[in-house]
Every structure is written in structure tokens, then in C-alpha cells.
Amino acid sequence: MLHVEALSKTFELSVTEQMRVHPFRDLSFSIPEGGFMGLAGPSGIGKSSILKCIYRTYLPTSGRVRFRSSMYGEIDLASADERRVAHLRKYELSYVSQFLKVIPRVSALDIVAERLLPLGYSLEAARDDAAGMLARLRIPETLWSAYPATFSGGEQQRINLARAFIVRPRLLILDEPTASLDRETTESVLALLQEMKRQGTTMIGVFHDWEIMKRVADRIFDLGEWKRSGVSSSAQLI
Ligand SMILES: Nc1ncnc2c1ncn2[C@@H]1O[C@H](COP(=O)(O)OP(=O)(O)O)[C@@H](O)[C@H]1O
Ligand SMILES: [Mg+2]
């Protein structure tokens, strides 16, 4: 489903050679359909940058991100044109970070429901589904018509998750999705992830807590170990 091949990212912090950062070079791994790969390693090693290269928030410096899409067949996300990337983000890819891009003056319910409108849902059906998802993520009903700009960090994160989950993406990219959630909400999120995985969603995720990651991932790629051992062609299996 996803084949990352010889992926590298260089950040040019200034025009001089000394000011370059290379979080990863020549990185390769594959995730089969319905697979869940956890990405581990210490802070600053490059986990978020890898996820952003897959979602194309960052343009990789070199390498390929081959994704089997339903719209275009196999496509290299590292070189696909912007229009196709935008389409895939609407229909097939979801990315969750710890931070909500808050949209002013749109209610929590509608921020989630609007994700379904391009998929052909009526506003009413989209709001129904969104309500179900907000309930599963334990957002109190009193907040559904409120603006998430005023929400706590944990509440905003749940809105983010609801927006990502509601479309049932083919590929779900998770960057510390449970970092600011309480125990019970984390359990609800894990249950949803397991359910989506059973339905065939392919996932790659970074979790702040190794124990949580082990409960959902089939395989954990340890970036620290990979950098130390120099093994670049296969994931470390746990
Ligand atoms: N947009 C950027 N510009 C410059 N450097 C960046 C940028 N994004 C990440 N980096 C650098 O890349 C390295 C890896 O960062 P990151 O991918 O956020 O690590 P992690 O998620 O594992 O903590 C860090 O040294 C970070 O400073
Ligand atoms: Mg990070």
C-alpha cells in the first residue's frame, strides 16, 4: 500500500553548507494494506518530518513515496503534482497532528461534517455522522455547536481526530495523536484505530507512549536503532 524508498530530507537553514540539517537519508520501508507501522525514536530524530514528507507538507529532497491510491492507481507522493495531492488529501489521506488548525466561526460539529461534503454526503447526513464521531471521542454534546477556537488542547485534539477518522481514509498518518488525551479518551481512540484497521485502513503513527504504540502497531520502526545500525532497507521488527 505504501512504499517509502530511499527517502531523504535536507533542511537548508542558510545558504552555507554548515547550516544544513539532514534528519534522515536513504530511508526505506513498506506498509501493507491494513498494516499499522509505529515510528519510534528520541525527540528531534525526524519522526514528524517523515510523516510530513508522506503527507507532502514537506517536499522530500530525494526518494519516492509510492502509494496505491484508488483515484490514480499507484502514485509517487514525493513528486505528484499539487492538484493530485490536494485531491488525495480530500478523499484518501488523513493526517493528525497535536495541533488543530482552528477555523474561526465554524462549530465543532460542522468542522467535522464538512470533511464529508466532498464525498457526496448531504449536510444532514454529514452532521449525523459527525455527531456519532464526536460522541465516540467523548466530546460533550454541549460543545458540538461551540467554536473549537475556545476549546482546551485535549478537546481540540479530539476534533482533529474526528476530522481525520470521519472520512475513513485509505492511509492515516498520526503524529502523537493521544499526547494530550486522558486515559478514557485514549482508549476510545485506540478502539477506533483498531476498528479502522480491521476495515482496511493503512496507518503510520508516532506515539509519545511506547505502551500505547505497541497496542495498535503490528510493527515498530525504531529510527534511533536504524541510524545506529545503518540498516536502511527494512523495518526493525518487534
Ligand atoms: N521546517 C523545518 N525547518 C528546519 N528544520 C526542521 C524543520 N522541521 C524539522 N526540522 C529539523 O529536523 C529535525 C527533526 O525534527 P522532527 O522531524 O520534528 O523530529 P521528531 O518529530 O522526531 O521530534 C530537527 O533537527 C528539526 O529541528
Ligand atoms: Mg515530532
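In the predicted model, a backbone N or O atom of Gly46 lies 3.0 Å from an oxygen atom of ligand 1, a polar contact in the sense of a pair of N or O atoms within 3.5 Å.

The shell around ligand 1 comprises 13 residues, the closest being Gly44, Lys47, Ser48, Ser49 and Tyr58; a residue is included if one of its heavy atoms lies within 4 Å of the ligand. By class, the shell contains 7 nonpolar, 5 polar and 1 charged residues, with Tyr and Cys counted as nonpolar and Gly as polar. Both β2 (20-31) and α1 (47-55) supply at least two shell residues (DSSP runs of at least four residues for helices, H or I, and at least two for strands, E, numbered from the N terminus). The largest contribution, 3 residues, comes from α1.

Helix α1 is mostly covered, with 7 of its 9 residues buried (under 20% relative accessible area, 1.4 Å probe, protein chains only). These are Lys47, Ser49, Ile50, Leu51, Cys53, Ile54 and Tyr55. Just after α1, Arg56 adopts a positive phi of about 70 degrees.

Residues are numbered from 1 along each chain as its sequence is written, and chains are lettered from A and ligands numbered from 1 in the order in which they are written. Local features need pLDDT of at least 70 and side-chain atom pairs pLDDT 80 or more, whereas totals for chains, interfaces and linings use all residues; side-chain values use heavy atoms, without hydrogens and water.

Note on methods. A polar contact is a pair of N or O atoms within 3.5 Å; within protein, one must be able to donate a hydrogen and the other to accept it, and residues adjacent in sequence count only if both atoms are side-chain atoms. Buried means under 20% relative accessible area, exposed over 50%, partly exposed in between (1.4 Å probe, protein chains only).
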